[in-house]
Amino acid sequence: MTYDLVVIGGGVAGVAGALTAAQAGLRVALVDSATRLGGQYFRHSADPKPAPGLDRFLRQARALDSRADVLLRHQVWSLVREPDGDLVVHCTTPERKAVPVRARRVLIATGAHDRPLPFPGWDLPGVLTAGGAQALLKGNGVVAGRRIAVAGTGPFLLPVASGLAGAGARVLGVFEANGGLGLARHPLLALGKAGEAAGYAADMARHRVPYRRRQAVVAAHGEREVEAVTVARLDKDWNVLSTRVVECDTVAVGYGFVPQIELGVQLGCETRHDVDGSPVLAVDAGQGTSVPGVWAAGEPTGVGGWRLSEAEGRIAGSAIAADSGASDAAAPGVLLRRRERWRAFGEALQRAYPVRPGWQGWLRDDTLVCRCEEVPLARVREAQDLGATDARSIKLLARPGMGWCQGRICGYAVSCLAGEPPQAPRRPIAQPVTLGALADLSHDPTAN
């Protein structure tokens, strides 16, 4: 069977795009690796405090379920174009069997993952990303620890701290590395988020969670797990001014997000650098990429929150329906204006909460930069002394990014240490896949 459209990703953008196209009469399949729709933001099985917009999303998900084939627990690892022009989405099933899903068009809505920064002790059990702590809580009702420090930069730290405190953890503080002015320079853009921010502030006040500006966790300490952290007071470039030790058993850190664009890059989609330097897929007014038959929406085109993701998904769905001849109507003007507003909001956030270069001064020679391959800073510097001038040559000489995560965790840090903006990931296999699944694929006569 060949679908009119296959949507990769079951978050806000993917569901909005799939539903819009299905309502126009297209035969649609949505593929996602999770057990339920929602993505990172709308994980909801055990969420003690549902995220804003959840009811709206659930209505869309229910409507989609009756109009499209929703393939959950299907991990997409490759996207290729066949000689006849069709696109093939290569997946593995929950049983780790290879399943190719054929489509005339594809919408990439794969979201983003946390962007951590290395620091001494970040490889200790008890250190996890802010998104990881939130996923445990939202998806499984698991509180990551008893005494938790939340650190990094950006407004995402607030719902993480609020959720953990509401679930019974003692949150020792939110340590915001930047100055905390946030969107003060953009009051009109901030207006739409004021109520949400006030709610998080009230939650933190009720649970007596302090919010500390220009402070960061710069080291974690412990023999077998986290027992304490060093919290530093920072200048505007994140250089350390003074330090103190805080006892805790868990650290949740996050410095923004990295868009997942591997599938688009596999097909040769053009990329651009977002405001924070991250590579994202370049799209036109209808969310179309440079590759015919391929659209993208949500974080792969730039991080901007769930409202932007929904608008982009709906615009992409309308454009895909028009491309197929199922509809003559383009996305309504109100939707285009909404996209521009939330796109401006996302760009303003990235400017308000940048990653400053002073974090590199937190590292010691023995600090692991790549946890998978256990590559310390000293080995990265040695590679540079041997002539490595960019992240790729450092990778070839010192092996950061060659482990299980394939640079998803350490790639940003290595690029910064190399003095260059992060590069678009070029991975022929976007996600880990077993040899057995590849063997299944080699016996499939329809596989490319």
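In strand β3, Val28 and Leu30 point one way while Ala29 and Val31 point the other, and all of them are buried (under 20% relative accessible area; exposed is over 50% and partly exposed in between, with a 1.4 Å probe and protein chains only). Strands here are DSSP runs of E with at least two residues, helices are runs of H or I with at least four, and both are numbered from the N terminus. This is a predicted model, with local features needing pLDDT of at least 70 and side-chain atom pairs counting only at pLDDT 80 or more, while totals for chains, interfaces and linings use all residues. Residues are numbered from 1 along each chain as its sequence is written, and side-chain values use heavy atoms, with hydrogens and water left out.

Strand β3 belongs to an open, parallel sheet of five strands, in the order β4-β3-β2-β8-β21. Two strands count as paired if DSSP finds at least two bridges between them. At the edges sit β4 (69-71) and β21 (294-296), each pairing on one side only. Neighbouring strands in this sheet are turned by 20° against each other on average, direction ignored; axes are lines fitted to C-alpha atoms, for helices over the stretch in contact, and angles run from 0 to 180 degrees between N-to-C directions. Four bridges join the parallel strands β2 and β3, with Ile8 opposite Val31 of β3. On to β8: β2 (residues 5-8) pairs with β8 (residues 106-108) in the parallel sense over three bridges, and Ile8 stands opposite Ile108 there. Helix α1 (residues 12-23) lies across β2, β3 (28-31) and β8, and runs at about 170° to β3.

Antiparallel pairing turns up around β15. Strand β15 (residues 228-234) is mostly covered, with six of its seven residues buried. Over six bridges, β15 pairs antiparallel with β14 (residues 215-221), and Gln215 stands opposite Arg233 of β15. The hairpin of β14 and β15 has six residues between the strands, and Gly222 in this hairpin takes a positive phi near 160°. With β16 (residues 240-247), β15 pairs antiparallel over seven bridges; here Thr230 has Val245 of β16 as its bridge partner. These two strands, β15 and β16, also make a hairpin, with five residues between them and a positive phi of about 75° at Trp238 in the turn.

Helix α3 (residues 130-140) has eight of its eleven residues buried, so it is largely enclosed by the rest of the structure. The buried residues of α3 are Ala130, Gly131, Ala133, Gln134, Ala135, Leu137, Lys138 and Gly139. Their cover includes β9 (112-114), β10 (127-129), α4 (157-166) and β17 (250-254), with contact taken as heavy atoms within 4.5 Å. Just after α3, Gly141 has a positive phi of about 70°.

A pocket, on a 1 Å grid over the protein atoms alone, is an open set of points with protein on both sides within 12 Å along at least five of seven lines, and lining residues have an atom within 4 Å of a point. The lining of the second largest pocket takes in 38 residues, with Gln406, Ala424, Pro425, Arg426 and Arg427 nearest its centre. At least two lining residues come from each of β18 (257-259), β19 (271-273), α11 (391-398) and α12 (411-418).

Definitions and conventions:
On a 1 Å grid over the protein atoms alone, a cavity is a set of points where a 1.4 Å probe fits but cannot get out, and a pocket is an open set with protein on both sides within 12 Å along at least five of seven lines; lining residues have an atom within 4 Å of a point.
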